[in-house]
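Some words used for protein structures rest on cut-offs. The questions below ask how a few of them apply here.

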Amino acid sequence: MEKLTITANEAGQRMDKFLGKYLNLAGKGFLYKMMRKKNITLNGKKCQGSEILAQGDEVCLFLAEETIRKFSGPMPEGAGVREPGRTSKGGESLDIIYEDANILLVNKPAGMLSQKAKEGDYSLNERIFDYLIRAGHFAPEDLRAFHPSVCNRLDRNTSGLVAAGVSLAGLQGMSRVFKDRSLHKYYQCLVKGDIRERRMVTGFLKKDPKTNQVTVTAFEERGSMPIMTEYMPLGGNGDLTLLLVTLITGRSHQIRAHLASIGHPIAGDYKYGEPAFNKWLETTYQVRSQLLHAWKLVMPQHMDKPLGYLAGREFLAPLPGKFVRVLKGEGIRSS
C-alpha cells in the first residue's frame with residue numbers, strides 16, 4: 001500500500017488526472033477499475049475520479065509495490081541531475097527575473113529551446129525542473145504528479161521573458177491570461193530601414209507545417225489567419241531602427257514575418273530576413289540570431305486567486321549584451 005498526501009502544487013485537479021500523471025503508464029480503464037474496487041481510495045472512501053483534490057487529501061493505492069513500479073514511468077528528463085545551484089547544462093545559468101511559490105519568470109537567451117522538440121533536447125523546461133529541485137521547491141518524485149511548465153513559448157533564437165507555472169494554480173492562471181490575451185506582451189527588435197512614426201499594420205498569416213515557415217499577405221487566403229502588429233520607433237540612425245512592438249494577435253513567427261513583409265526585416269533573422277544585411281551583421285558584430293527580444297510583460301488589472309497579488313504588475317527583461325553591443329556600435333540609444 002502507498003499513501004499519497006496532496007500538496008499545494010497538486011491541489012485543484014481532478015482525481016483521475018492526478019492518477020493519470022502518477023501512474024502514467026496505466027490505462028484509464030485500469031485506474032477506473034481500481035477506484036471501483038476500492039483499490040484506490042480518496043480520504044479512506046470510494047472515489048469516482050471526478051473529485052477535485054484539495055491540499056491535504058490522502059490518496060491510498062492498495063496495490064502491490066511491483067504494480068506501482070510497473071505503471072510509474074521514468075522521471076522527466078532534467079529531474080535534478082545537472083550541475084548544482086542555478087547552473088544548467090553547459091554552464092548556462094537561468095536568468096531569473098521574478099520568482100514566487102506560484103510562478104517563475106525567466107529571461108531566456110537566444111539559442112535555447114522553450115520546450116524540447118525531440119527526445120534528448122535540454123530545453124528551458126528541463127532547466128526549470130532542475131532549478132526547482134536544486135532550490136528545494138520539489139523532490140524529484142513530486143514531478144510524477146505535477147510538472148512545472150512554461151506558459152508561453154519563444155522561438156529558439158528569440159530572447160526574453162518566458163513565464164512558467166511552479167504550482168498547478170500558477171500554471172493554470174498564467175496559461176489562462178496568455179490565452180485570453182488579457183496579459184500584454186511587448187517586444188524590442190532592431191530592423192533594417194528608417195522608421196519615424198508609430199503604426200498599426202494588418203495582414204493575413206499562413207503557416208506551412210512541413211517547413212515551419214509562414215507567409216504574410218495583404219489579402220485573406222484559404223487557411224490564413226488575420227494578424228495585427230503595432231510598432232513604435234524608439235531610436236535609429238537612418239539605416240536601422242529600434243522598435244517597440246506590441247502583438248495584438250499572437251501567431252507563430254508573426255513579428256518576424258510581418259515586419260519583413262513590409263520591407264523592414266529584423267536584424268539577424270535568417271529565416272525571414274535579408275541575407276546581405278545578416279551577413280554584414282555577422283561580420284561586423286558576430287551576431288548570428290535575430291535581434292528580437294520579449295522585453296516586457298504587463299499583468300491584467302484583475303487576476304483570479306491565488307494570483308491576485310500579481311494584478312497590474314510589470315516585469316522587464318534587460319536586452320541581451322549582443323543586442324546592446326550592436327545598438328552602441330550603430331549609435332542607437334536603447335530605452
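Q: What does contact mean when Asp269 is said to touch other residues?
A: Contact means heavy atoms within 4.5 Å. In this predicted model, Asp269 touches Arg256, Glu274, Asn278 and Gln290, leaving out residues up to four places away in sequence.

Q: Why is Asp269 called buried?
A: The relative accessible area of Asp269 is 1%, and buried means under 20%, so Asp269 counts as buried. Asp269 sits in the loop between H6 and helix H7 (275-285).

Q: What makes the pair formed by the side chain of Asp269 and the backbone nitrogen of Lys271 a polar contact?
A: A polar atom of the Asp269 side chain lies 3.0 Å from the backbone nitrogen of Lys271. The cut-off for such a pair of N or O atoms is within 3.5 Å, with one able to donate a hydrogen and the other to accept it.

Q: Is His293 buried or exposed, and how do you know?
A: His293 has a relative accessible area of 0%. Buried means under 20%, so His293 is buried. The residue belongs to strand E14 (residues 292-298).

Q: Which backbone oxygens does the side chain of His293 reach?
A: The backbone oxygen of Ala317 is 2.8 Å from a polar atom of that side chain, and the backbone oxygen of Pro318 is reached at 3.1 Å. The limit for a polar contact is within 3.5 Å. Setting aside neighbours within four places in sequence, the residues in contact with His293 include Asn107, Tyr186, Gln188 and Phe323.

Q: How do you know that E10 and E11 pair?
A: Pairing needs at least two bridges, and strand E10 (residues 199-208) and E11 have 5 bridges in the antiparallel sense. In one of them, Phe204 has Thr217 of E11 as its bridge partner. The two strands form a hairpin with 4 residues between them, and Asn212 in the turn has a positive phi of about 55°.

Q: Why can strand E11 have a covered and an uncovered face?
A: In a regular strand the side chains alternate between the two faces of the sheet. In E11 (residues 213-217), Val214 and Val216 make up the covered face, while Gln213, Thr215 and Thr217 are on the uncovered one.

Q: What lines the largest pocket?
A: The lining has 31 residues, with Arg153, Leu154, Asp155, Ser252 and His253 nearest the centre. H6 gives the most, with 3 residues. By kind, the lining divides into 9 nonpolar, 11 polar and 11 charged residues. The volume of the largest pocket is about 920 Å³.

Methods. Residues are numbered from 1 along each chain as its sequence is written. This is a predicted model: local features need pLDDT of at least 70, side-chain atom pairs count only at pLDDT 80 or more; totals for chains, interfaces and linings use all residues. Side-chain values use heavy atoms; hydrogens and water are left out. On a 1 Å grid over the protein atoms alone, a cavity is a set of points where a 1.4 Å probe fits but cannot get out, and a pocket is an open set with protein on both sides within 12 Å along at least five of seven lines; lining residues have an atom within 4 Å of a point. Grid points are joined across faces, edges and corners, and a volume is the space filled by probe spheres set on the points. Ala, Val, Leu, Ile, Met, Phe, Trp, Tyr, Cys and Pro count as nonpolar, Asp, Glu, Lys and Arg as charged, and the others, Gly among them, as polar. Buried means under 20% relative accessible area, exposed over 50%, partly exposed in between (1.4 Å probe, protein chains only).
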